[in-house]
Amino acid sequence: MTYEERLENVAVLGAAGKMGSGILLLTAVHMADLQLQNKDKTYVLYAIDVSNKALTGLMDYLRVQVRKIAEKKINWLRAVYEDREDLVENGEMIDEYIFDVMKIVRPVDVMEAAYKANLVFEAVNENKDLKVKLFKQIKEHNDKVWFFTNTSSVPIHYLEENAGVKGRIIGFHFYNPPAVQKLVELIKTENTDPELEKFALEYAKNLKKIIVPSNDFAGFIGNGHFMRDALFGINEALALAKEKGISLPQAIYMINKVTQDYLVRPMGIFQLMDYVGIDVMQFIMNVMNPYLEDEDLHSDLLDTMMEQGVKGGQYSSGAQKDGFLKYEKGKITAVYDPDKKEYVPVSEFAEEADKMLGELPESAVSWKSTLKMKNKDEVLSKFFNDIKNSDTLGAKLAVKYAKNSKAIGEKLVSDGVANNADDVNTVMLTGFFHAYGPINNYFD
Ligand SMILES: NC(=O)c1ccc[n+]([C@@H]2O[C@H](COP(=O)([O-])OP(=O)(O)OC[C@H]3O[C@@H](n4cnc5c(N)ncnc54)[C@H](O)[C@@H]3O)[C@@H](O)[C@H]2O)c1
């Protein structure tokens with residue numbers, strides 16, 4: 001089966017979810033482009049989800065997003081619709097393109113639609129039993145289908161063995177949101193058909209994604225680093241509160257500030273946990289933990305937050321829900337105190353906390369300002385060197401944090417999760433938008 005033939009009949013499972021909807025959009029557009037160039041073929045993309053309500057919303061979302069994509073490639077549309085005399089204005093071509101993409105997509109709430117697919121993208125909830133059950137069900141009716149799973153943490157060989165789909169599955173781990181994020185982690189098992197891998201690489205290239213191969217260990221590279229980095233942040237805050245006799249909210253505020261301002265990251269580690277969702281964090285750690293022999297990836301604090309119903313995550317509008325931190329118009333206004341079961345306003349401790357951390361060196365740079373810097377490495381070297389030579393509490397916490405982040409990255413390489421330091425750095429640079437990779441010499 002050629003690349004194009006493989007893409008003639010595709011299904012996305014969990015299509016109405018956060019990841020599924022993005023994967024559907026990217027694949028629908030790619031398939032429509034193939035359709036426009038292969039008019040004698042029929043391309044079909046099944047959008048499968050258990051929630052009919054969500055599927056209706058999905059079609060509205062698709063229409064809006066395809067319009068934006070069409071507007072950006074109007075010159076290409078002009079060439080493709082060249083022989084269509086009825087299409088003159090840009091607006092007419094954009095509407096036609098939306099129609100051409102939408103007619104490929106079939107929203108359905110039954111799994112049977114996937115029985116004839118050549119390719120299945122799986123993005124249902126992070127539940128290994130559910131994933132195995134669906135793969136098994138499809139496999140029983142289809143012995144040629146290839147599975148692309150978007151699992152964040154389940155080893156691919158576990159899914160392969162338990163679903164009995166030897167050689168026909170690959171981890172194709174998009175980052176959120178799939179339509180925007182460039183990074184995809186590609187995870188083969190020892191059985192993965194080389195043709196399937198070749199197809200995956202070509203598909204990624206056509207979607208203009210950056211592929212980083214990860215070996216098949218729970219959590220892969222991205223969550224392998226992030227979960228441990230976050231757990232370190234939690235433990236640092238707990239230790240700081242105890243050591244300095246300050247409240248936990250104040251310590252959380254301080255570690256969040258250190259990880260953002262001193263380490264030049266897009267957001268502090270507690271804000272990032274809120275962004276991802278405390279429930280998702282806990283869930284991923286629980287999935288990864290049984291596969292780890294020499295460490296316990298678990299936090300009582302995350303359990304407590306969950307028990308108290310404080311979960312973070314996003315509203316469907318994209319706005320941030322309160323988690324460790326409380327947000328008002330995007331600003332952090334309070335920090336959760338699990339003992340009091342309420343938020344404590346930042347104004348109650350910020351002054352004391354900032355004083356304890358000390359002044360940032362004058363060479364400090366914001367993460368945003370590094371985005372377009374040509375001499376980023378030089379600027380960061382200067383700032384981090386000043387931090388290394390500073391004896392403020394903030395600087396000391398930052399150096400400790402950065403060294404731990406490097407150690408996590410190096411362990412991913414020595415454990416064989418990542419093939420090399422560059423792959424770890426690329427994942428953190430592209431998937432997490434860090435300004436520099438964790439495996440660096442800035443803090444040595
Ligand atoms: N959200 C992220 O940041 C992120 C990033 C990378 C990977 N992932 C992974 O992607 C997958 C999906 O995550 P998500 O955040 O999009 O979840 P989600 O909850 O937003 O979406 C899951 C979708 O699956 C549907 N579903 C549930 N059972 C189903 C079934 N039996 N058949 C068909 N559809 C079913 C749900 O209705 C829902 O629409 C998970 O494996 C997750 O680990 C998530």
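**Helix packing, sheet and ligand shell**

Tutor: Helix 10 (residues 248-262) and helix 11 (residues 269-276) pack with their axes 6 Å apart, at an angle of about 95 degrees. That makes helix 10 roughly perpendicular to helix 11, a term used for angles of 65 to 115 degrees. Axes are lines fitted to C-alpha atoms, for helices over the stretch in contact, and angles run from 0 to 180 degrees between N-to-C directions. Helices are DSSP runs of H or I with at least four residues, strands are runs of E with at least two, and both are numbered from the N terminus. The model is predicted: local features need pLDDT of at least 70 and side-chain atom pairs count only at pLDDT 80 or more, while totals for chains, interfaces and linings use all residues. Residues are numbered from 1 along each chain as its sequence is written.

Student: Which residues in helix 10 meet helix 11?

Tutor: I252, I255, N256 and T259 in helix 10 meet I269, F270 and Q271 in helix 11; contact requires C-beta atoms, placed from the backbone, within 7 Å. By class, this contact of helix 10 with helix 11 has four nonpolar, three polar and no charged residues. Ala, Val, Leu, Ile, Met, Phe, Trp, Tyr, Cys and Pro count as nonpolar, Asp, Glu, Lys and Arg as charged, and the others, Gly among them, as polar.

Student: And at what angle do helix 10 and helix 17 pack?

Tutor: Helix 10 and helix 17 (residues 393-414) pack at about 75 degrees, with their axes 10 Å apart. Helix 10 is therefore roughly perpendicular to helix 17. On the helix 10 side, I255, V258, T259 and Y262 meet G394, A395, L397, A398 and Y401 of helix 17. That contact has seven nonpolar, two polar and no charged residues.

Student: Changing topic, in what order do the eight strands of the open sheet run?

Tutor: The order is 3-2-1-4-5-6-7-8, with mixed pairing; two strands pair if DSSP finds at least two bridges between them. Strand 3 (105-108) and strand 8 (210-213) stand at the edges with a single partner strand each, so one side of each has no neighbour in the sheet.

Student: In what sense do strand 1 and strand 2 pair?

Tutor: Strand 1 (residues 9-13) and strand 2 (residues 44-48) pair in the parallel sense over five bridges. A11 stands opposite Y46 in strand 2.

Student: Finally, which residues come nearest the ligand?

Tutor: Of the 23 residues around the ligand, G14, G17, M19, S152 and N176 come nearest; a residue counts as near if its C-beta atom, placed from the backbone, lies within 6 Å. By class, the shell has 11 nonpolar, nine polar and three charged residues.

Methods:
Angles under 35 degrees count as roughly parallel, over 145 as roughly antiparallel, 65 to 115 as roughly perpendicular and the rest as oblique. Two residues are in contact if their C-beta atoms, placed from the backbone, lie within 7 Å.
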